[in-house]
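Here is my note on the fold and the ligand shell. Please read the points with the model open.

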Amino acid sequence: PYQHIRLDIEAGVATLTLSRPDCLNSFNVDMHGEVAEALEQLSQDEAVRVLVLTGSGRGFCAGQDLSDRAVAPSDTPCDLGESIERYYAPLVCRLRSMPKPVIAAVNGVAAGAGANIALACDIVIAARSASFIQAFSKIGLMPDAGGSYFLPRLLGNARAMGLALLADKLPAEQAAAWGLIWRCVDDADFAAEVASTARQLAAGPTLAYARIKQAMHAAERNTLEQQLELERTFQQELGYSADYGEGVAAFMAKRTAQFVGK
Ligand code: T3D
């Protein structure tokens, strides 16, 4: 049913592929709609225990499709605030609040909002030939889709500021060395690395993963005392989970745990 994305679900792993390769999978309104619908569905589908977000062709995502709303300089500027409010902000929130791990499999260039959507995911694995570009300032904009939030936290102000102001291309290897992403892998190994990470997470304790995400996000604003309280609450809940019982039983029996995700 989808025109601009592909959605494959297999053995607990959902793969959402942005599929507008001719324009490096940049977002138009229709693709936003399809991604939003798919994320809502995947969020609720208990059979899906990990999401992989990737791009088709040679790019990951080039952010906003700039041809979708070409404005001549003399025209009244279009309302980008509405675009952010209706599309990009909800997209970032859906990825962050997804109660299961989300892997960004960055197969190629990730530019503008495309870069920051990858950073909104939980684990970013990039092919060595991929790169990250805060392209915004080249067209007179500022980092959006969470860029101004993620970059200083992940990199510190010096590197965040340099990337945002200069809009330089950051190769995947440098992104990994700077701690912006989880891992950069050779192109030849990229698909296998993404698949094995996805398999590992799909076989894991999904409820614990959901609480890990929530706790890490909360830590961005909490005091230590608040965070200790949150850990108590979440750990108490997880202590009653089937996966905790199974995890301890498997450890004691020296066998691999069979987690059900609850
Ligand atoms: O507007 C709002 O709603 C506010 C929200 C904004 C969010 C944003 O993301 S703003 C930032 C938008 N993105 C960009 O500014 C990036 C634009 N793209 C590039 O700078 C370059 O394409 C790349 C550096 C990403 C890759 O360069 P390269 O040389 O590898 O590829 P290319 O030749 O530039 O692109 C290949 C094709 O994709 C080309 O089309 P063609 O000539 O083959 O017909 C190019 O026009 C098209 N393309 C790439 N990015 C976009 C795009 N078409 C439309 N929109 C794009 N963003």
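1. First, burial. A residue is buried if 20 or more other C-beta atoms lie within 10 Å of its own, exposed if 12 or fewer, and partly exposed in between, with C-beta atoms placed from the backbone. Helices (H or I, at least four residues) and strands (E, at least two) are DSSP runs, numbered from the N terminus.

2. Basis. This is a predicted model, in which local features need pLDDT of at least 70, side-chain atom pairs count only at pLDDT 80 or more, and totals for chains, interfaces and linings use all residues. Residue numbers start from 1 along each chain as its sequence is written.

3. The sheet. Two strands pair if DSSP finds at least two bridges between them. The model has an open sheet of 6 strands, in the order β1-β2-β3-β5-β7-β10, with mixed pairing. β1 (5–10) and β10 (183–185) are the edge strands, and each pairs on one side only. From one strand to the next, the twist averages 20°. Axes are lines fitted to C-alpha atoms, for helices over the stretch in contact, and angles run from 0 to 180 degrees between N-to-C directions.

4. Strand β3. Why is β3 largely enclosed by the rest of the structure? 6 of its 6 residues are buried, so β3 is largely enclosed. Both faces are covered. Val 50, Val 52 and Thr 54 are buried on one side, and Leu 51, Leu 53 and Gly 55 on the other.

5. Partners of β3. β2 pairs with β3 in the parallel sense over 6 bridges. Thr 17 has Thr 54 of β3 as its bridge partner. Between these strands the chain passes through α1, and this β-α-β crossover is right-handed (with the strands pointing away from the viewer, the path from the first strand over the helix to the second runs clockwise). β3 also pairs with β5, again parallel, over 4 bridges. Here Leu 51 is partnered by Val 102, and Leu 53 stands opposite Ala 104.

6. Strand β5. In β5, 5 of the 5 residues are buried, so this strand too is largely enclosed by the rest of the structure. Val 102, Ala 104 and Val 106 are buried on one side, Ile 103 and Ala 105 on the other. β5 (residues 102–106) runs parallel to β7 (residues 123–127), joined by 4 bridges. Ala 104 has Val 124 as its bridge partner in β7.

7. Helices on the sheet. Contact means that the C-beta atoms of two residues, placed from the backbone, lie within 7 Å. α1 (residues 29–44) lies across β1, β2 (13–18) and β3 (50–55), at about 15° to β1. α7 (residues 187–202) lies across β2, β3, β5, β7 and β10, at about 160° to β7.

8. Ligand shell. A residue is near a molecule or strand if its C-beta atom, placed from the backbone, lies within 6 Å of it. Of the 22 residues around the ligand, Ala 62, Gly 63, Ser 83, Gly 112 and Ala 113 come nearest. The largest share of the shell, 3 residues, comes from α2.
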